[in-house]
Amino acid sequence: MSPDQGFPANASAAPDASEQPKLRADLLLISDMVEKASRVLDIGCEDGALLEYLGREKQVTGRGIELSQAGVNACVARGLSVIQGDADTDLVNYPDDAFDYAVLSQTLQAVRAPHLVLQQLARIGQRAIVSFPNFGYWKVRRRLLLRGRMPVTKVLPDQWYETPNIHLCTIRDFLILCEELNIEVEKSLILDESGRVTMARSLWLANLVGQQAIFLLRRKA
Amino acid sequence: MTKGEISPALEAENHDLPGHRVELGHDEPLQLDCGVELGPFTVAYQTYGALNADRSNAILVCHALTGDQFMTGEHPVTGKPGWWQQLVGPGLVLDTDRFFLICSNVVGGCLGTTGPKSINPETGQPWGLDFPVITIGDMVRAQRQLIDHLKIDKLFCVIGGSMGGMQVLEWASSYPERVYAAVPLATAARHTAQNIAFHEVGRQAIMADPDWHGGKYHEFGKTPRAGLSVARMTAHITYLSEPALHRKFGRRLQDRKKLTYGFDADFQVESYLRHQGYSFVERFDANSYLYITRAMDYFDLASEHDGVLANAFKDTPVRFCIISFTSDWLFPTSENRDVVHALNAVAADVSFVEIESDAGHDAFLLDEPDFRNTLRGFLNGCAERLGVFVE
């Protein structure tokens, strides 16, 4: 029998927790923001790692949207409810407050209209969780300032001509946009180069030392 | 066989065919959308695998326009393998070791279920064009009576491609409490103008055949072979794709070295299509072809719900898995995606994948690895959540 002919429902006991693949650090932080047994839409869910984790550990009802066919196949083949779709075009179909959380992890900078996507997130989710690479990070600034070249870093690994990231922003840019869209920040996490949460006493500092940021957002009443 | 003679396979009485047969509609006649009551009526069906003790592992398979209940194994009329033999069987995606599969011939069909070829009890003659026009909804209501008869409260899954997918959507919309999971494949919530147009060409070809005799060819001992063949040839092109035809035939010549400067089948593709047409006549009834294509044309799920497709699925508890294929131009991804968007609008539980394939519409009949894995994953996920096992 080929490996793909197995049938989990009939398999022996579930593998024990230690065998579960480890969740990426930033996804783990996102999952900490999610209440148990809530409804989550993960936009740009890739292979479904976060959704699977939330379903298993937090009894979350999860849905996903993913652009790549390979990603969607992987998700559906592991029993997740995921559609092939596009953050720019497919969010308009969902009703208001359809989910407790709308998650957009490391995808905002790759969409055509980040402001519209953000607006949709705040509409269809009671809360939105957004993470993105910070273009204000000091190494990014240094490379641009000293070498006059587009930055290539751990979280921005591609050359300018082949990067999918077409709308990069700084933490400050993002917060200004949230303000304009009437969205408030409930919680923010600033991550350093090693993916650890770092304490920054001011926005100025956060925008300098944060390589990535994760925000828990909600629309203002 | 010469033009106009009756096909031996179709001459055989329906009760000569193997499989189950049940007469329904004694207590509850079928209320057809056209306003007519049909009953009692016969449904011919096949089952594969075994129903478990709590009757929770049943999958209803809805066949497409020219499909039938013989999904796998040797077909009793053609002697060829069933239409879904690549997916149905022990250890396959639709695993007969775990699931109880049911497939019934649709109302209006010609392989045992009541249709225009059946005898009209009032005249003692085949119904012909006196048979009432049926719809996808009518087909599904007949299937529901069959599922009642089998004492199955809730189907684990309803699955089907093309017209079968239309039935799946109708099931989920009409009987959401009786379906756990729905898998519409390569389908649409309405038949497009282009698809209606192709069907009309097929119907006109049949009706233009003098052997059709206004639908009364049985009485004249004839079959509109030429007309039904042409209908099939046209339709068959729409099931494939240009790359698939090119790969299979290119411009290669049929058993000859050069062009004949005549109208014989010089090209392999012509010879192939002619064969498709001729062999179709052996297994399909021309009037059934008229009725079933009409049922597809009339299908427009949104129109039954104030023009809003999402309303067809309001608060649906059904889990959906919609699959389309890149080279399918008959039921393109955009049509499938419209259903996805409608389901999103009611925040339904839906998965959707577009599978890369050059096989055209017929891709849903084939065992493509991405298709197989997606479907298997979805069914496994559902089975796990429900805890469906076969003892």
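Two strands pair if DSSP finds at least two bridges between them. Helices (H or I, at least four residues) and strands (E, at least two) are DSSP runs, numbered from the N terminus. This is a predicted model, in which local features need pLDDT of at least 70, side-chain atom pairs count only at pLDDT 80 or more, and totals for chains, interfaces and linings use all residues. Residues are numbered from 1 along each chain as its sequence is written, chains are lettered from A and ligands numbered from 1 in the order in which they are written, and side-chain values use heavy atoms, with hydrogens and water left out.

**View 1. Strand β11(B) and its partners.** Strand β10 (residues 179–185) of chain B runs parallel to β11(B), joined by 3 bridges. Ala181(B) has Arg319(B) of β11(B) as its bridge partner. β11(B) also pairs in the parallel sense with strand β12 (residues 349–355) of chain B, over 7 bridges. There, Cys321(B) is bridged to Ser351(B).

**View 2. The two faces of β11(B).** In a regular strand the side chains alternate between the two faces of the sheet. Arg319(B), Cys321(B), Ile323(B) and Phe325(B) point one way, while Phe320(B), Ile322(B) and Ser324(B) point the other way. Of the 7 residues of β11(B), 7 are buried (under 20% relative accessible area, with exposed over 50% and partly exposed in between; 1.4 Å probe, protein chains only).

**View 3. Helix α10(B).** At 1.5 Å a residue, the 18 residues of helix α10 (residues 369–386) of chain B should span 26 Å, and its end C-alpha atoms are 25 Å apart, which agrees. The expected span is 1.5 Å times one less than the number of residues. Buried residues of α10(B) include Phe371(B), Leu375(B), Phe378(B) and Leu379(B). The buried residues of this helix pack against α3 (69–77) of chain A and, in chain B, against elements including β10, β11 and β12. Just after α10(B), Gly387(B) takes a positive phi of about 65°.

**View 4. Trp329(B) in its loop.** Trp329(B) lies in the loop between β11 and α9 of chain B. Its relative accessibility is 33%, so Trp329(B) counts as partly exposed. Not counting residues up to four places away in sequence, Trp329(B) touches Gln194(B), Phe198(B), Ile237(B), Thr238(B), Leu240(B) and Ser241(B) (contact means heavy atoms within 4.5 Å). The side chain of Trp329(B) reaches the backbone oxygen of Leu240(B) at 2.9 Å.

Technical notes. Polar contact = N/O pair within 3.5 Å; in protein donor to acceptor, adjacent residues only side chain to side chain.
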